[in-house]
Every structure is written in structure tokens, then in C-alpha cells.
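Thank you for making time for this.

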Amino acid sequence: MRLGRQLAPVAAFVALAVVVLVLPSFVSAFRAQQLAYVAIYLVALIGLNVLTGYTGQISLGHGAFMAVGGYTTAILMTDYGMKDVWTIPIAALLTGAVGFLFGLPALRLSGLYLALATFAIAVSAPAVIKRFEGFTGGGSGINLFGVPELTASLTPVDVLGRELVFNDWLYYLTWTVALVGYVLAWLLLRGRTGLAFRAVRDSETAAQSSGVSLPRYKTLAFGVSAAYAGVAGSLFAIATTFVNPDTFPIALSILLLVGVVVGGLGSLVGLIAGAVFIQFLPIWSQEVSRSPGAPAVVSGLILIALMFVLPMGVAGLAGRLRTLTKR
Amino acid sequence: MIRKLTLALPALVLVLALGTGAAIAGSTRTQADPGVSEREIVIGATTPLSGPFSSVSSVTVGANAYFKYVSARGGVGGRKITFKYLDDQYDPAKTVQLTRQLVEQDKVFAIFNSIGTEHNLAVRDYLNANKVPQVFAASGSTTLGRDGSKYPSAIGFQPSYQAEGWVYGKYLARTRPGARVAVLFQNDDYGKDLLNGLKRGLQRSKVKVVAAEPYEPTAVDVQAQVAKLRGAGADTFAVFAVGKFAIQAYVFANRLGWKPKLVINNIVSSASNVMTIAGEGGTNKLVDATVSGVFLKDPTDPKWQSDAGIKLYQQILKRYAPGANAADPYHVYGMAAAFTLVEALKKAGRTPTRAGLVKAVAALNVTKNPFMIPGILIKTGPNDHFPIEQMLLQRWQKTSWKSFGGLWGYRGA
């Protein structure tokens, strides 16, 4: 029984990996590309969940952290001739450092005040990016399509003896990163650190009195979370083959928070559903009506309905089903 | 031997099957590019149906109405035109994804009149590499016309922003020597191209730009910028702002008691409905000092009330886009672009091909676009990817625009 409980998550993960591996054989190359974006959002959601779901710090500014990662990749590729995949770890480190530094002033803020402060970064990010035009390309942004450092955009790439076109390459790249990121987050959260994070979330006073260092764990959570967002932003730049200030709008930051809430705060399993939701909701809502303004209203209504039916997100639904079947 | 035969036989069968299959397909339709069938041509676009810039999507609605009208009357060469447009919320990252969807999943023949400068530039390399025509992009970005040799499949539509700014500069240089100009501009390619064009038009003249203040398109308002400009001691106010920001420029300048002798307003935000709101019910006199460029027939301009083109426009909109506001000139823009595409498709081959369309849009000579001001040509060449290079100037008088002077033309600016 005990062994089964420990093996269950591993078995579920292996099953997921197998599904991810074989799925492209059953869907079109275009669909594979859409699913690549699901993986990208999944990476960002894992990061945001470490911060918001596990440590209880609300961030409305993760789109800005994604922008840091995306621009790191774009600038390294175009100005320094670095191959796209090698820019990903650099984007992770750099954005992680930025997140850690932002975590320091954030220590003095909590709850709604922190949410507002992070929202301010998301709002100011486009203006800051435009300010350094020589570096970031300003409003016109940086184009990556056709740049030799971008893998497979013009000619297929050979990976382990298989020829991959751009869409399939994106799919495998993003999902590999997402699955590795998933395992790392799981390892981090199941141990002492995860326990400390949750203690901070549930009661800062209680955590502190049990010897949990608030500054240490809060800044750590910010750093880890931002590193994930940076990786997501880096992959986003590679997949979109273009970055400009408008590719990381305020709406993206809000959408990420929506994804975490839909997936289920403080749970990893629901996040895939959250990522699917934020990738496909805009596409689905257009199928309902294409008259001006209508897609936004449809998205809003679906979200409201979902919050009524699944207040704890998809992970909450899974939990509820489990208790039902036990009875 | 036998083994060889067993290998060869299926191969032979396969070749035969493919051959006859191809022959059958060939007999029913000649080799067609994606998006073109016996009865249909499918074209695609991205447009902001939602979000803060959703008012611009009227362009797409107007174009769609015109395609429906043409299709109902037999289409182009017996093929009806299906226009598939998707909501990118004015986010270039979404434009990229949706354009890929249109090309790879929906198999459109061409991308037509997608909205936005950065949005069109974000997909230009992709479309060009895949040889998908990107025709009449809804942006006045100069690079769309200037870089036609590098991107043969991309072409814009309206006069470039730089050319428009240049006309204002020349107009000021000729009629207002000694004028001091203060410029409010949007901090992106659109605003900067207008400003650069203005400065180029003012070269070697006695007119000076004394202040230029940028604002972010994501800003809430432009009050601070207008206040700064007011302090610059200018007698001419150039508004290179869009939508609500243009209206705010008028309103704040009025509230601050600033009375420039002349206001220059750019084409994108000089629609009658914008000017009427900026007039604040007749209390804001600044609108009456405004000069702007124009190349389309404004549906609210009394001058066109009995014009055949505007009447056709109203009929089409009423029939094929019920509920759409006929006073919105963005609809006219969409129809003018759609009309031009239909003209180009007629010349893209009996069975239109992508290469044929690219060739046709680089050899345009449309003299009678019913939705455009008479006399303005749509003319392109192998080395000229600027379809519209003429405009008229107009002055706001109480309730409507009144054009004055002759056509202003320029080449490849």
C-alpha cells in the first residue's frame, strides 16, 4: 500500500512521458506546434505555482519575467551568434537572478500589496524594453525566423536519426524541457524546501516560530519561480521566432495566474490542464463567435462558469473524484 | 529472382496507383496552390477582434462584406472568396501562431490585409520563406514597400507613414514659413515614421520642430505630454496619435488653454467620428484649425452623399455586415483593399496561383477604385511596392472635412 502510494506519481509521470513521445504520430505538424505552446505555458505555470500556490505570494508580473528570458535568448542568438538551445540555461540563470533580486524588496510586501508591486513590473516592462532600443530593437522587436542560430526553421534537423521539421522539433524541445522542469519542481517541493514553502504560505508567524527563515525561503521561491518563467520566455521566443514588447503583454501575466488557478493552486498535476486551458481558450472562444469583442466575452463567461464548477481547479476535481471513489 | 519480383511488384503497383491517381486528379483540376479549388479561393487574415484596439477590426469587417458581395455575384472566375479572419488581440505573438494556423491548418491561398505594423513584420519572413503572398498588409510601415526586393511576396496598401509625414512637412514649408511645430507621437514605428517623414519634408525650410513628445500605446492618457508641448512655444501642433489618444490631444490642449494656429492630424485618426468627439459639442475650437491627409472617401463627408461608390459601400455593408456602423471609415478602408485584391486575383491566372498573385500585385494599375478619392491611383511595379503614393489635404469645417488644393504625390518614400 505504502509502496503503491510512492510509485503512483512515478507511474503517472512515465505514462505522461510515453503519451508525449508518441503523440506527434497521431496529430498534424501544426497541432504539434500548438501543443508545444502548451508545454511552454506549463513551464511558466510550474514556476508561478511554486511562488503563488506553494509559498502564497501572488505575482501578477510573470509575463515580465518571461520577457527577460525571451529577450535574453533573442539577443544572444542575433548579437552573439549563440545556438538557440544553449541560450535556454542562460535565460534561466539570468531571469532567476532577476527574480531573486526582486524577491528582496518583495519581502516587505505581502498579499495584495505584493500583487500590485508585481503588476507594476508587468505594466512597465514594455516601456523599459523600448527605452533600450539599441539593445532590444525597440517596438519593432527582434526577428528570429531564418536566423541560422534558430534550429530547423528553414531545413529539418536530424535528432537521434530522425528528421524533424520545425513544428515537430519545437514540440520535442519544449516538452523535454517541460518534463525535466516538472521532475525538478516535484523533487524540490516534496522535500524540506517544499515543506518550508507551505509553512510560509499557511502562516508566516507560525513558520517563523518553527525556525523557517522567511527572507531565505521567500527570495528562493521568487528566484526559482522566475527561472522557470525565464525558461518559458526563452522557449516562447524560439517558438514564436519573434519578440517585441507587445509579445509579453499585461494580459499574459494575468493569463498565467488564471492558468494556475484553473489547474489548481498548490498542486502540480492540474497544471497541464491549466496550460491547455490558456493555450486553447482564445482559439475555442473564436469558434463560438467572431464578431468584434465577442471572443473576449466568451472567454470571460467560460472562466466564470469554471470557477463556479471547479473552485479548486482541475486538481481539486481530481481530489474530489478520489474521495468519491474511496467511499 | 522471385524475391526481386516480390519486391518489384508492389512497387510497380504503387507507381501505377499513384500515376493514375495523379492523372485523375489532373483531369479534374489543374495543379492548384493551397486554398484554391474549383469553386472557392480561401484567404486569411489576423485582426484584433478583442482587446483595446478592437475598433480597428472594422477594416476586416468591411473587407469581408465586400468579398461576400463579390462571391454572391459570381466571384472571381466562378470561384467565391472565403475570408477567414482570426482574432490576434493585437498581440504579435498571437499573430504568428494564428498565421501559422491559417497557412498550415486552414491552407489559405494568401494572407490579406492583416492588421498592424509589428504584426505584419513578425510573420513576413515566415510567409516569404513559404512563398505565401502577404498582400495589402494594413500598415503604413515604410519597410513593407521599401524592402520589396528582399520580400517579394509582401506588400502594403495605404500611403506609407513616412510619405504622409513628408506631405505635411512640404505643406508647412510652403504655406507657413517660420512656423514652430510641436509633435505628439506614438512611440512605435507608426509614430516615428510620421515624425521622420515630417522632418524630411521640412528640410531646408524655415519651419522648425521645437518639441516632440512620445507616448506609449499602452499609456492611459497623454495629458503630461500635451502639457509639455504647450510649454514649448509652438504655434503648430502635430498629432501623430491614434484613436482615443488623438481625441485626448485635442481635449487636453483645449483645457490647458493652448491655442495653436494649426493642428495637423494624421490619416489614421482623422475620421469624422473622431473629429466630432474631439470637437466636444462645438466647444473645442481646435478641430476647426485642423488639416489632415485623405485618400479614401469618408462616408460622413456630405461631398460624397450622392456618390456611386459610397452608395455601393452603404448597400454592401447593410446587406453583408448587418449591424455595422456605416459612418466608420475603417469599413471603407477594408472595402478599398478588398476591391484591389479582387482586381489582382483576376490577373493572377485562370486558376490563380500564389506566384501569379505576387506577380499581379507588383503590376497593378487600378484607376477606378470606387471607395477611393477620384484621381488617386493604385500603381505598382517590380521595383515599386508602394501601391498608393498620392493623397489630398483636407480641412475640418464645423461638421465635416473639406478637401483643398491638388493631389500630393511622392515616389518610394
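**Helix packing, a surface patch and charged pairs**

Let me begin with a crossing: helix 2 of chain A and helix 3 of chain B cross in a left-handed way, where left-handed is used if the near helix is turned anticlockwise from the far one by less than a right angle, and right-handed if clockwise. Helices here (H or I, at least four residues) and strands (E, at least two) are DSSP runs, numbered from the N terminus.

Before going further, a word on the source: this is a predicted model, in which local features need pLDDT of at least 70 and side-chain atom pairs count only at pLDDT 80 or more, while totals for chains, interfaces and linings use all residues. Residues are numbered from 1 along each chain as its sequence is written, chains are lettered from A and ligands numbered from 1 in the order in which they are written, and side-chain values use heavy atoms, with hydrogens and water left out.

Returning to that pair, the axes of helix 2 (residues 29–54) of chain A and helix 3 (residues 92–105) of chain B come within 10 Å and cross at roughly 160°, which makes helix 2 of chain A roughly antiparallel to helix 3 of chain B. The axes are lines fitted to C-alpha atoms, for helices over the stretch in contact, and the angles run from 0 to 180 degrees between N-to-C directions. Angles under 35 degrees count as roughly parallel, over 145 as roughly antiparallel, 65 to 115 as roughly perpendicular and the rest as oblique.

Within chain A, helix 11 (residues 250–263) packs against helix 13 (residues 294–309) at an angle of about 30°, with the axes 11 Å apart, and helix 11 of chain A is therefore roughly parallel to helix 13 of chain A. The crossing of helix 11 and helix 13 of chain A is left-handed.

Now to the surface. Which residues form the nonpolar patch? They are Leu7(A), Val10(A), Val14(A), Val18(A), Leu21(A), Val22(A), Phe26(A), Val180(A), Leu184(A), Trp186(A) and Leu187(A), with about 1,000 Å² of accessible area together. The elements giving two or more residues to the patch are helix 1 (2–22) and helix 7 (166–190) of chain A, and helix 1 of chain A gives the most, with six residues. Patches are made of residues with over 30% relative accessible area and no salt bridge, like charges being joined within 9 Å and nonpolar side chains (Val, Leu, Ile, Met, Phe, Trp, Tyr) within 5 Å. Accessible areas come from the Shrake-Rupley method with a 1.4 Å probe, and for residues only the protein chains shown count as cover.

Leu187(A), in helix 7 of chain A, is partly exposed, with a relative accessible area of 46%; buried means under 20% relative accessible area, exposed over 50%, and partly exposed in between (1.4 Å probe, protein chains only).

Let me turn to charged pairs. How many salt bridges does a search of the whole structure find? Over all chains there are eleven, a salt bridge being a side-chain nitrogen of Lys or Arg within 4 Å of a carboxyl oxygen of Asp or Glu.

One of these is formed by the side chains of Glu216(B) and Lys130(A), at 3.1 Å, N to O. Glu216(B) lies in the loop between strand 7 (208–215) and helix 8 (223–230) of chain B, and Lys130(A) in helix 5 (residues 111–131) of chain A, so the pair joins two chains. Both Glu216(B) and Lys130(A) are buried.

Glu213(B) and Lys228(B) meet in another salt bridge, at 3.9 Å, N to O, and this pair links distant parts of the chain, with Glu213(B) in strand 7 and Lys228(B) in helix 8 of chain B, 15 residues apart. Here Glu213(B) is buried at 18% relative accessible area, whereas Lys228(B) is exposed at 56%.

Finally, some backbone detail. Phe136(B) has a positive phi of about 50° although it is not a glycine; Phe136(B) belongs to strand 4 (residues 134–137) of chain B and is buried, with a relative accessible area of 0%. Lys398(B), also not a glycine, has a positive phi near 60°, and sits in the loop between strand 13 (390–397) and strand 14 (400–409) of chain B, where Lys398(B) counts as exposed at 73% relative accessibility.
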